[in-house]
Amino acid sequence: MDLFYSADHVFQNGGAELNKGSLVPCFENPTRADIVLSAVQSAGIGTVQSAGDHGLEPLHRVHDPRYLEFLEHFWDEWSRAGRDWDALPAVCRPAAGRSGLIPTTIDGKLGYFAFGVDSPIVAGTWRAATAAVKVALSTVASAADRGEAAFGIARPPGHHAGPDYFGGYCFLNNAAAAAQDFLDRGCRRVAILDVDYHHGNGTQDIFYRRSDVLFVSIHADPRTAFPYYWGHGDETGAGPGEGANLNLPLPRGTQWPVYSEALGRAADRIARVHAEALVISLGLDTYEGDPLSGFRLQSEDFVRLGQGIAAMALPTAFLLEGGYAIDALGANAANVLRGYLGR
Ligand code: OKP
Ligand code: ZN
C-alpha cells in the first residue's frame, strides 16, 4: 500500500485551545502525524512517500474563493496589525447573521469565517493545511491509478472545514478535495465514509446538495458531542442531493457490536449507490482511551474496521482525521490498515 506524508504538517503548531472553559495545550499537535508515520513504517504496511504536487484545483472546487483568499493571506494581515501570537477568533458569525458581506477589519473577517474558537491560526497554517491537501491528492492519485487503497497521513485534519469556514482543528477539507479529485479523474459517483468520533459537518455541508458524492458518517450523537449543531439522522441531503447524506449517530459509550451494525448499514448504502471510489475520513478518536471522546472501541476493533472497509471492495483513499490518544494512535492506525490488507 502507498503511504503519503508531508513534513510541512509541523507548521500547524498552535499553542493553546479552549477546553472546558480554560486554555490547554492543543490536542491536535504535530506529534500526532509523526507517531502515525513511525507506526505504519515499523508495521511494514508499505513505503512512505512524500506527497507530490498535483495542483490545488480540487480544493478550489470545494471551497469558496473568498474563504481561500482569506486563509492564504490572513497571517500577513494579522502581522501587519502588529500581532505575532496565535489567532483565535473572539466571535463567530451566527447562522442568522448577515452573510455575504465580509467585514473589512481583520477581527471581523476572522469571526466571519470561523464556526468555533478552538482552532488557532498560526503563521504556518496555510502551508500546513495545503500540505495536507497535497497528501490527500497524492493518496487519491495512487488509489485511482492502482485501483487499490492508499493511506494519507493528513494533518491538520479537514472534515469540520466547510465551504467557507474553519473550526474543529480543520481549515481545508482534505476528504472533500479527495472526493472531488476522484470525480475529476472520471468516477461517476464517489462515497465518503467518515468514521471519526465527531460528525464531519464540513464535508456534509460541502456536498449536501449534490448527488455525485454520497456522504456517510458514523459518529457520536450531536446532542452530546461536538460539533453539536449537525449530524442528526434526519439530515438526508437537499435538492438534487436528497438521499445522498446518511448520518448514523450512536450513543456515548458505544462498543464494537453496536458500532459494527452501523458499519454494516454504511456498507449497504455505499453498495446501493454504485460508488466507484471511496474516501475514508479516518478518525481514530473512537478509541476507548481517547481524551476528547466517549466511544469504547479497543485497539483490536480497528482491525475489524479495516476488514469491514476492505469488504466494500473499492479503490480507497484513507485520510487521517482525529485521534488524540497519543500512546495508542499509531497502533490503531496500523491496525486499520492491517485489517484492510488481511494481515
Ligand atoms: C476534531 B476531529 C475540546 C473541545 C472540542 C473540538 C473537537 C474537534 C475534533 N477543546 N474541540 O473531529 O477529531
Ligand atoms: Zn474527531
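In the predicted model, an N or O atom in the side chain of Asn19 is placed 3.0 Å from a nitrogen atom of ligand 1, a polar contact being a pair of N or O atoms within 3.5 Å. A nitrogen atom of ligand 1 also lies 3.4 Å from a polar side-chain atom of Tyr169, while an oxygen atom of the ligand is found 2.5 Å from a polar side-chain atom of Tyr324. Of the 400 Å² of accessible area that ligand 1 has on its own, the protein covers 90%, as computed by the Shrake-Rupley method with a 1.4 Å probe.

Ligand 1 is surrounded by 15 residues, of which Glu17, Leu18, His159, His160 and Tyr324 are the closest; a residue is counted as near if one of its heavy atoms lies within 4 Å. By class, this shell comprises 5 nonpolar, 6 polar and 4 charged residues, with Tyr among the nonpolar types and Gly among the polar ones.

Strand 2 (residues 16-19) pairs with strand 3 (residues 22-25) in the antiparallel sense over 4 bridges, where pairing requires at least two bridges found by DSSP and a strand is a DSSP run (E) of at least two residues. Ala16 stands opposite Pro25 of strand 3. The two strands form a hairpin with 2 residues between them, and Lys20 in the turn has a positive phi of about 50 degrees.

Residues are numbered from 1 along each chain as its sequence is written, with ligands numbered from 1 in the order in which they are written. Local features need pLDDT of at least 70, side-chain atom pairs count only at pLDDT 80 or more, and side-chain values use heavy atoms, with hydrogens and water left out.

Definitions and conventions: Polar contact = N/O pair within 3.5 Å; in protein donor to acceptor, adjacent residues only side chain to side chain.
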